[in-house]
Amino acid sequence: MISNLEYYKVFYYTASAGSLTAAARQLSISQPAVSQSLKQLEEQLGVSLFYRASRGIRLSPEGELLFSYVARAYEQLETGEHKLRQMLNLGLGEVRIGASDMTLQFFLLPYLEQFHEEYPGVKVTVTNGPTPETLKRLEDSQIDFCMVSTPFEVKPGMHAVKVREIEDVFVAGRRFLPYKNRMLDLQQLETIPVILLEKNTSTRSYMDQFLLDNHVIIRPEFELATSNMIVQFALRSLGVGCIVRDFASSHIDSGKLFELRFNQIIPKRHFCIVTASKNPVSVAARNLLDIIYQDLGKDKEYYD
């Protein structure tokens, strides 16, 4: 292959224009420089690419064959540059996010709506899964960033930013009204039917550890896949549900559910945006993060 690809550029412009003078003008170089480049290309290929004539030049059969390939390659490069400019201007592109139902519902959705309105040409892909699985996707460069709830392990090379506080509560319905407005001991949970999330979630891991630290061992009446389902079970008084408060806030406000109060405060947790330093943050992902962080008054260390 010819080592100097500039020769092919000169060849493309000359063949397209049918004139050395026109090619020189389009390339902003001298006509002798055009002639010299074509001469070098012909010498290295061992073939004449043009017929010279008084009114210009035309391609030889060998030149026409070469031009059919060079033109396609050059036009592909131009298309690539055009697409890249579109991507940089957010006319297209993709943002890949890892998030849970909870972080989507109670944090991300309004920002995704705003981003889509501003940049409708950018595709947003959201991969849903438990926190450990989501962090593994980030580690494997399958997503640009993720949004998870604490606690989780921040591995070397990862950067986590707290963006919202969340609160775990135990909620109950009419069957458990005797417990309303009473200060309970955590140990009493051992005698109450409790509804928890399945064990592959950060919320369940957090609550298990909190109860263990306080010497409370419970055997759940139900273990469910989603917090929304826990709310439905609690509304039917099938047990006391442990959830993040946002899921039940409307039912608590309406009086259909109430929060159990304990003499031991359950520490609050956080939603966090997590990025990995080894994963370059795309222009589209950076703009989405800018929208979020500017709204929260956060800095931009996520892509430093």
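Which helices and which strand do the buried residues of helix 3 pack against? They pack against helix 1 (6-17), helix 2 (20-27) and strand 1 (50-53). The model is predicted, so local features need pLDDT of at least 70 and side-chain atom pairs count only at pLDDT 80 or more, while totals for chains, interfaces and linings use all residues. Residues are numbered from 1 along each chain as its sequence is written, and side-chain values use heavy atoms, with hydrogens and water left out.

View 1. Helix 3 covers residues 31-45; helices (H or I, at least four residues) and strands (E, at least two) are DSSP runs, numbered from the N terminus. Its 15 residues reach 21 Å from the first C-alpha to the last, close to the 21 Å expected at 1.5 Å a residue (1.5 Å times one less than the number of residues). Buried here are Val34, Ser37, Leu38, Leu41 and Glu42 (buried is under 20% relative accessible area, exposed over 50%, partly exposed in between, with a 1.4 Å probe and protein chains only). These residues lie on the same side of helix 3 because they cover an arc of only 130 degrees around the axis, taken from the directions from the helix axis to the C-beta atoms. Packing contact means heavy atoms within 4.5 Å. Just after helix 3, Gly46 has a positive phi of about 75 degrees.

View 2. Cys242 has its nearest cysteine sulfur, that of Cys272, 19 Å away. For Cys272, the closest cysteine sulfur is in Cys146, at 9.4 Å, too far for a bond. Cys242 is buried, at 3% relative accessible area, and Cys272 is buried, also with a value of 3%.

**View 3. The cis peptide bond at Pro151.** Most peptide bonds are trans. The bond from Thr150 to Pro151 is cis, with omega near 5 degrees. Pro151 sits in the loop between strand 5 and strand 6 (158-166).

View 4. Most residues other than glycine have a negative phi. His215, in the loop between helix 7 and strand 10 (222-224), has a positive phi of about 60 degrees. Ser237, in the loop between helix 8 and strand 11 (240-244), has a phi near 55 degrees. His215 is exposed at 65% relative accessibility, whereas Ser237 is buried at 5%.

How values were computed:
Disulfide = S-S within 2.5 Å.
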